[in-house]
Amino acid sequence: MATINKNLSVYDKSSLPNAKNFRFGIVVSEWNDNITEGLYKGAEDALLDNEVPAQNIIRWNVPGSFELIYGCKKMLQTQKVDAVIAIGCVIQGQTKHFDFVCEGVTQGIKDLNVQTDIPVIFCVLTDNTMQQSIDRSGGIHGNKGTEAAIAAIKMAYIREQATLVHDFANKNLLTSGAAQLGEGTPLELKE
């Protein structure tokens with residue numbers, strides 16, 4: 001298993017970008033809420049620990065993990081957020097339902113990442129047993145919600161930087177090869 005000997009809640013705060021001006025959406029499945037509430041708590045705590053103001057964290061609940069896709073889509077369409085975290089938990093049962101839900105949610109969240117400009121972070125546990133989910137939502141392996149929040153911060157920063165580079169690259173160049181950004185001295189472009 002990927003999480004053996006790894007605590008999902010450990011991160012180096014000093015290596016993270018400043019997150020205090022970012023807004024995050026968190027869409028939480030109500031199914032297996034004893035697990036998803038722990039994941040949400042891990043995500044919220046990590047965001048707050050990294051100076052994201054509480055009012056910049058928007059939470060929406062959906063009935064189950066399959067509904068995360070629609071909830072995230074609507075969050076992206078209606079809220080001004082820099083990243084969305086999809087939190088859910090699907091535990092293996094005796095039917096193929098597990099396979100269909102896991103595949104659908106995985107593909108749906110992947111599709112949102114391909115179709116939109118705002119990152120959607122996959123924080124859906126797909127475990128064989130309830131104990132495995134407990135271990136990853138605040139138990140012996142830490143909290144996957146914390147890991148998702150750190151990924152959201154990093155991806156929001158990447159999006160911000162890519163936007164700045166794109167905007168800068170599309171400014172008019174002066175005949176000297178420098179870019180003029182507003183008032184003041186031209187900025188030299190370096191390769």
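Guide: Strands (E, at least two residues) and helices (H or I, at least four) are themselves DSSP runs, numbered from the N terminus. Keep in mind that this is a predicted model, in which local features need pLDDT of at least 70 and side-chain atom pairs count only at pLDDT 80 or more, while totals for chains, interfaces and linings use all residues. Residues are numbered from 1 along each chain as its sequence is written, and side-chain values use heavy atoms, leaving out hydrogens and water.

Our part is strand β3 and its surroundings. β1 and β3 pair in the parallel sense, with five bridges, and Gly25 stands opposite Val84 in β3. β3 also runs parallel to β4, joined to it by eight bridges; here Ile87 has Cys123 in β4 as its bridge partner. Together with helix α3 (residues 97–115), β3 and β4 make a right-handed β-α-β unit. Right-handed says that, with the strands pointing away from the viewer, the path from the first strand over the helix to the second runs clockwise.

How covered is β3? Eight of its nine residues are buried, where buried means under 20% relative accessible area, exposed over 50% and partly exposed in between (1.4 Å probe, protein chains only).

That brings us to the nonpolar cores, sets of buried Ala, Val, Leu, Ile, Met, Phe, Trp, Tyr and Cys residues joined through side-chain atoms within 4.5 Å. The largest one has 27 residues, and Phe24, Ile26, Leu47, Ile85 and Ile87 have the most contacts inside it. At least two of its residues come from each of β1 (24–29), α1, β3 (83–91), β4 (120–127) and α5 (144–169). Another core, of 21 residues, lies apart from it and includes Val81, Ala86, Ile118 and Val120.

Now look at Phe24, which counts as buried because its relative accessibility is 0%. Beyond its neighbours within four places in sequence, its contacts (heavy atoms within 4.5 Å) include Leu47, Val81, Ala83 and Ala152.

Finally, the structure holds one aromatic pair. Phe22 and Phe24 form it edge-to-face, at 6.2 Å centre to centre and 80 degrees between the planes. Rings of Phe, Tyr and Trp (its six-membered ring) pair if their centres lie within 6.5 Å; planes under 30 degrees apart count as stacked, over 60 as edge-to-face and the rest as tilted. Phe22 counts as buried too, because its relative accessibility is 4%.

Methods
Pairing = 2+ DSSP bridges.
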